[in-house]
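User: Could you walk me through a few features of this model and show me how to read each one?

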Amino acid sequence: MPKILEDGSDEDEVKIRRIYIFWEYLANPAGSIAPMKRPVRPLISILLLIAFAATLSFRIAVRSSSMFSSEAEVLVQPPPPPPPPPPPVFNSTLLKFAAVELGEAKSKQEIEQLLEGKFASRGRYRTFASWRRFNHHETGATTSTGLPVILRSPQVYRYWLDFRRNLQDWARKKMFQPDIMMDLVRLVKHPLDRHNGLVSSDKKYKSCAVVGNSGILLNTNYGELIDSHEVVIRLNNARTGVMYEHKVGAKTSISFVNSNILHLCARRAGCFCHPYGANVPIVMYVCQPIHFLDYMMCNSSHKAPLLITDPRFDILCTRIVKYYSAKRFVEETGKPLDEWGSTHEGSMFHYSSGMQAVMLALGICDEVSLFGFGKSTSAKHHYHTNQKAELRLHDYEAEYALYHDLVESPQAIPFIPDKFRFPPVVIYQ
Ligand SMILES: *[C@@H]1O[C@H](CO)[C@@H](O)[C@H](O)[C@H]1NC(C)=O
Ligand SMILES: *[C@@H]1O[C@H](CO)[C@@H](O)[C@H](O)[C@H]1NC(C)=O
């Protein structure tokens, strides 16, 4: 059962109880449901009522043809099993729309160019060798202008081969394979267990807090509650420290970043960029294939694991957020679906780091708490920066709708395999 806020108001308790009932029901559909003292979702109540009535009339029918049943027997019967959850109805037009990756052709082309050593269009990267000088990993002037020259150095050549291999492997795995949700423990938790000197275990973490960076964190004092989770996931190197400790806590178990962040860190000698300490593992999603250069440099100097999210996990997250975004767009603007792209930067559209960190938590934790997700007119966009506007390439409203479904009706989330068991999720605001 999720932790109840120590200073929990009634509203919180109701929320938690609701989630708990729903969770128990999902986890144990054949068992009986505890008496519901608190309100549950009307749909479920109605379904329960129908099932109950149906079972009752069946019993009466059976009873009338059976000499052996007695009044008492009916009375002591356990309540009927709850009905299976209603099969989710997904709009197939939206499912298809969400499955099309607008930026795919461009991304493929970019990867091909990089594999051929063409960095020309990548601004300051120009050549592999100049990238290395730029990043202070190599000194000494060269006049290299392209691949043939840099290949004269065996050391650079080795890096070059590693870069190609990593990028190729990654590009090959980019496909829709939602079963990746059941593989996150192996892909992420196992390496972290080894790093922490533990035997890799398939048991999930007991509880995880995902700390978003919304300014709403400054309106509350969740620091201690956050730190009481077994695992705390923070995003994009958001600041912690004495000044914020009451608000956001001090513990960090996983630093989740996008590769733009690592790219900035890679400009510093030794890739130094560990706001939470050099021992904290980093999980990163790659937003531009060229960031594999940064990854290679930083991976070799990192003490803690630097893990790249599986591209199949990236694709799954992309589809889910796009589905929610497109659905909202059509429902709220009444415009046709094909105008969606122009409001969300089309091929640039991307889920936020927070969204993927939440998805990761679903896969590796038995209970998930979200802090710092959401906004309010009285709060800054980020608690630790003065960034005013949201990035248009994200659709935060769509992601909030997703989090809402995680709490209230996870079966309404598209693309997730039936086999996947959602952990209970609580949102603290
Ligand atoms: C599915 O979504 C499309 C696009 O929003 C809409 O035109 C269509 O009516 C929806 N279909 C159903 C069955 O709701
Ligand atoms: C990253 O570094 C770790 C530890 O040094 C190493 O085991 C791993 O193979 C490296 N990853 C890649 C893809 O090179």
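User: How many residues does helix 16 have, and what distance does it reach from its first C-alpha to its last?

Analyst: First, a word on the model: it is predicted, with local features needing pLDDT of at least 70, side-chain atom pairs counting only at pLDDT 80 or more, and totals for chains, interfaces and linings using all residues. Residues are numbered from 1 along each chain as its sequence is written, while chains are lettered from A and ligands numbered from 1 in the order in which they are written. Helices (H or I, at least four residues) and strands (E, at least two) are DSSP runs, numbered from the N terminus. The expected span of a helix is 1.5 Å times one less than its number of residues. Helix 16 (residues 353-364) has twelve residues and reaches 17 Å, close to the 16 Å expected.

User: Is helix 16 largely enclosed or open?

Analyst: A residue is buried if 20 or more other C-beta atoms, placed from the backbone, lie within 10 Å of its own, exposed if 12 or fewer, and partly exposed in between. Twelve of the twelve residues of helix 16 are buried, so this helix is largely enclosed by the rest of the structure. Among them are Met355, Leu360 and Ile364.

User: Which residues is cysteine 208 in contact with, beyond its neighbours within four places in sequence?

Analyst: Contact means C-beta atoms, placed from the backbone, within 7 Å. Cysteine 208, found in strand 1 (residues 208-211), is in contact with His229, Glu230, Val231, Ile233, Ala361, Cys365 and Val368. Glutamate 230 is 22 residues away in sequence, yet the C-alpha atoms of the pair are 6.0 Å apart. Cysteine 208 counts as buried because it has 26 C-beta neighbours inside 10 Å.

User: At what angle do the axes of helix 8 and helix 13 cross?

Analyst: Two packed helices are described by the angle between their axes and the distance between the axes. Axes here are lines fitted to C-alpha atoms, for helices over the stretch in contact, and angles run from 0 to 180 degrees between N-to-C directions. Those of helix 8 (residues 154-173) and helix 13 (residues 292-301) come within 10 Å and cross at roughly 120°. Tyr159, Asp162, Phe163, Asn166 and Leu167 in helix 8 meet Phe292, Leu293 and Met296 in helix 13.

User: What is the phi of asparagine 237?

Analyst: Most residues other than glycine have a negative phi. Asparagine 237 has a positive phi of about 55°. Asparagine 237 lies in the loop between strand 2 (231-235) and helix 11 (245-248), and is buried, with 21 other C-beta atoms within 10 Å.

Notes:
Contact = placed C-beta atoms within 7 Å.
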